[in-house]
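This report considers the salt bridges of a protein chain and the packing of one of its helices. The sequence and structure are shown below.

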Amino acid sequence: MGTRRISVTVDGVAYSDDVEPRTLLVHYLRERLGKTGTVVGCDTSNCGACTVHLDGRSVKSCSVLAVQADGSEVTTIEGLASGGELHPVQRAFHEYHGLQCGYCTPGMIMQSVDLLRDNPDPSEEEIREGLEGNLCRCTGYQNIVRAVQAAAKAGTEAPATAGGAA
Ligand code: FES
Ligand code: FES
């Protein structure tokens with residue numbers, strides 16, 4: 001089977017590439033574009049480590065074909081920070097120790113950003129539900145939940161306030 005040309009914007013940069021029809025999006029991102037911040041943690045579409053945003057929604061990039069991203073906009077963990085500033089969810093994971101080995105973290109953060117976009121003030125249960133498709137072998141999830149809660153709070157409070165007004 002021949003290759004197909006796709007045009008895709010990844011982390012704000014436009015690319016046009018010939019790919020094989022069966023190439024997975026995650027492999028295209030890592031191997032062709034060098035976006036190795038997006039990782040592969042399983043071969044069963046279970047772990048969520050490969051989560052990216054496709055047109056603003058989180059998807060497991062190991063279960064999407066590169067050709068399916070044709071004409072779309074992809075954001076990876078590498079495109080989340082802007083202007084040298086960490087995204088608030090990245091900052092919260094750092095501050096609340098939402099990671100240990102860090103392997104699940106890129107996907108966990110991308111999924112959390114999507115979750116908070118839908119629900120800016122999620123309950124603990126809603127956070128756990130929203131992250132169900134993302135596995136972490138290290139943290140026991142407690143700090144991840146706290147990090148997402150903190151990010152939610154940071155997102156809904158005026159950035160200039162010192163906080164602690166509760
Ligand atoms: S690598 Fe995609 S879900 Fe595990
Ligand atoms: S921090 Fe190690 S898998 Fe989540």
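The model is predicted. Nine salt bridges are counted in it.

| Pair | N to O distance |
|---|---|
| Asp18 and Arg5 | 3.0 Å |
| Lys35 and Asp11 | 2.9 Å |
| Arg22 and Glu20 | 2.9 Å |

The salt bridge between Asp18 and Arg5 links distant parts of the chain: Asp18 belongs to strand 2 (residues 13-19) and Arg5 to strand 1 (residues 4-10), 13 residues apart. Asp18 is partly exposed, at a relative accessible area of 33%.

Lys35 pairs with Asp11. Lys35 is buried, with a relative accessible area of 11%, and Asp11 is buried at 18%.

In the pair formed by Arg22 and Glu20, Arg22 is exposed, with a relative accessible area of 65%, whereas Glu20 is partly exposed at 34%. Elsewhere, a network of salt bridges links Arg57, Asp114 and Asp118.

Helix 2 spans residues 88-95, and its residues Val89, Gln90, Ala92 and Phe93 are buried. Viewed down the axis of helix 2, the buried residues fall within an arc of 165°, and therefore line one face of the helix. Just after helix 2, His97 adopts a positive phi of about 55°.

Notes: Residues are numbered from 1 along each chain as its sequence is written. Chains are lettered from A and ligands numbered from 1 in the order in which they are written. This is a predicted model: local features need pLDDT of at least 70, side-chain atom pairs count only at pLDDT 80 or more; totals for chains, interfaces and linings use all residues. Side-chain values use heavy atoms; hydrogens and water are left out. Buried means under 20% relative accessible area, exposed over 50%, partly exposed in between (1.4 Å probe, protein chains only). Helices (H or I, at least four residues) and strands (E, at least two) are DSSP runs, numbered from the N terminus. The arc is that of the directions from the helix axis to the C-beta atoms. A salt bridge is a side-chain nitrogen of Lys or Arg within 4 Å of a carboxyl oxygen of Asp or Glu.
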